[in-house]
Amino acid sequence: MAESETFLEDVCRKETREYRKRSSVATREEWTKKREYILSLLGYTVGLGSLWRFPYLCNRNGGGAFLIPYFIGIITCSVPLFLLEITIGQFSSRSAGHVWVLCPLFKGIGISQVLSCVFGSVLYNVIITWSMYYICNSFWAALPWTTCDNWWNTPLCVNRLGNVSSTSETHANTTVVDERLFNSAWRKTNATLTASEEFWQYGTLRVSSGVDSVGSVQVHLLLCNLASWVVVFLCLMKGVKSVGKVVYVTALMPYILLTVLLIRSCMMPGAGEGILFFLRPDFSRLASVQVWLEALLQGFYSTSVTYGGLITMSSYNNFNNRPLKDLVLVTVIGQASSIFCGLVVFSTLGFMAHQAQIPISEVVSSGSGLGFIIYPEAIAQLPVSQLWAVLFFLMLFVMGIDSLFGMTETNIAGIIDACPKQLQQRRSWVTAGVCLASFAVSIPFVTEGGIYLFQLLDWYASSFNALLIGCLECVAINWIYGSKRLSDDIEMMTGRRFPVLLKIMSSYLTPFILFASLICSLFLYDPPSYGEYIYPEYAKVIGIMVAVVMSLPIPITLVVLVVKGKGSLCERLRFASRPSPEWGPLRAEDKEIYLQSMITEHSPQNMVHRA
């Protein structure tokens, strides 16, 4: 026993010396102020999904009644995962790609999270690209999505929703227009489109006939895409030191703009009916499994758990920061923001339905349809419409780029953490390389067929992977690493242990709900579509393959570790499940305390006492 204790002490001294040497060479950045971290979390979690996905889902799935499964999902799944992620990130000062040395058997979780951020950052930046193009067009004397006499308009264009008497005259581009009408598989035959929708489809996207017709690169979107990546580079080139200052603008500006838009919307006729339409409960919808599954997934989107960004941003925290307070503050503000966005959206839709003299249900839309078709048309009916257009699309830009910071930083930190001694001092070059590579990958999305690729990958690349990673996170942290050991780590950082209720939920209830939801999502799956366009079978196969590839690192790394191990299968699994020697606090002083606690825990006296 004495020999065993001496061996552990030798390991402690060796690890301490190594960490002191490492910390003297490369010191990890930290947030300058606590509020910069909080604002970064808010900017990351409150994204475009809160503005154009949550209100639509809430209305479609029972109005106010949807809030019941939504908040149940937030409390039982999102909150426990949120705490787990920010805790392990802060304790180890490691990004998502490297934090899983706490359980090498599931090291593939980190790789999958980085892949999620790679795909997510590219898709998110495409939305920012569209927003930038609309901002540029908002300075026209007459907003281009308000008239039907432009080169992109068709003979079936009408000025606005509900107005069928203002069809445009056939113009010089009749041949081109006829060809577009013939090749537009996404629209109903001989159906009229508003000027706003034609500007979106033909003026902005210049959409092709399908996913198999990629077409040419659209220079106007390519330049906007490049400009947005330049903005991201400038904000992230100095790490948390620079982004911590930027978030004072990007995290707070959306709330200011949303408040201005809500006040203006509530002054318009029909706004009250729109808000009531948004909140009116339909409790019969709660009997549908689909409603509960969509509520759970929307909870994941609105808290950004399982994607790796929370781990990465919390890794820049002070070691003694109290994560539970951060959890409560960010979750409460984030969910209040989603409801606030719903009020803004539906007050405007109520006005739009009132003006067109049609039911509100006929103008309700989600995603790009809301952000780039319905809302621009509503804005065009306001006095000084150019001002409101600039404010709205600036808000989309800021909300999008704030979330993009967290995703891109996860990719950057994953590279730097792999070789901190060599790359920490070359952070600007790493950031430039990541942004340049992301720009190159995003080029297919700014082609004529880019919207089909966007819709396809957005459909497959998020939900399945998020549920799987969330379930495995609970298993790896609470069952393999151990909830008691995690509680000891939290106590070492904050002086308080893991809250009992959250420990029970993250150990039992959360993984059970996530596993059941994963199974249900496989059976309740609906293939993607774009308007009237149905994707061919090979495109669906590509989408499924993307979802599989994003999760594939998890079983691959598990198998590789087991195959490379020595001993019986059980011994290999046991060894691969132990935390790596690299796991623990980054600072040498904290690391020494941590290793000493490990010696105490495994001392002969303690082992006999537990026996």
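Which residues does a disulfide join? The link runs between Cys148 and Cys157, with an S to S distance of 2.0 Å. A disulfide here is a pair of cysteine sulfur atoms within 2.5 Å, and a search of the whole structure finds 1.

## Basis of the model

This is a predicted model, in which local features need pLDDT of at least 70 and side-chain atom pairs count only at pLDDT 80 or more, while totals for chains, interfaces and linings use all residues. Residues are numbered from 1 along each chain as its sequence is written, and side-chain values use heavy atoms, with hydrogens and water left out.

The pLDDT is the predictor's confidence in each residue, from 0 to 100. For the protein chain its mean is 86, and 89% of the residues reach 70 or more. Over residues 1–5 the pLDDT is below 50, and this stretch has 3 contacts in the model beyond near neighbours in sequence. Residues 606–611 also have pLDDT below 50, with 5 contacts beyond near neighbours in sequence. A contact means heavy atoms within 4.5 Å. Where pLDDT is low, the predicted coordinates should not be read in detail.

## Cysteines

The link of Cys148 and Cys157 is left-handed, with -65 degrees about the S-S bond. The areas themselves come from the Shrake-Rupley method with a 1.4 Å probe, and for residues only the protein chains shown count as cover. On this scale Cys148 is buried at 6%, and Cys157 is buried at 0%.

Cys77 is buried, with a relative accessible area of 0%. Cys117 is also buried, at 1%.

Trp130 is placed in helix H6 (residues 108–137). Helices (H or I, at least four residues) and strands (E, at least two) are DSSP runs, numbered from the N terminus. The relative accessible area of Trp130 is 2%, so this residue counts as buried. Leaving out residues up to four places away in sequence, Trp130 touches Trp200, Leu205, Leu221, Ser368, Phe372, Ile451 and Phe454. For one of these, Phe372, the C-alpha atom is separated by 8.4 Å from that of Trp130, although the two residues are 242 residues apart along the chain.

## Salt bridges

Side chains of opposite charge can pair when their charged atoms come close. A salt bridge is counted when a side-chain nitrogen of Lys or Arg is within 4 Å of a carboxyl oxygen of Asp or Glu. A search of the whole structure finds 12 salt bridges.

| Lys34 | Asp326 | 3.0 Å |

Lys34 is partly exposed at 39%, whereas Asp326 is buried at 2%.

Lys245 is partly exposed, with a relative accessible area of 42%, and Glu36 is buried, at 1%.

In the remaining pair of the table, Arg587 is partly exposed at 44%, while Asp590 is buried at 8%. Elsewhere, Lys484, Asp488, Glu491 and Arg497 are linked in a network of salt bridges.

## Nonpolar surface patch

Val289, Phe515, Ile519, Leu522, Phe523 and Leu524 make a nonpolar surface patch of about 600 Å². Patches are made of residues with over 30% relative accessible area and no salt bridge; like charges are joined within 9 Å, and nonpolar side chains (Val, Leu, Ile, Met, Phe, Trp, Tyr) within 5 Å. Helix H22 (residues 500–523) gives the most to the nonpolar patch, with 4 residues. Phe515 is in helix H22 and counts as partly exposed, at 48% relative accessibility.

Terms used:
Buried means under 20% relative accessible area, exposed over 50%, partly exposed in between (1.4 Å probe, protein chains only).
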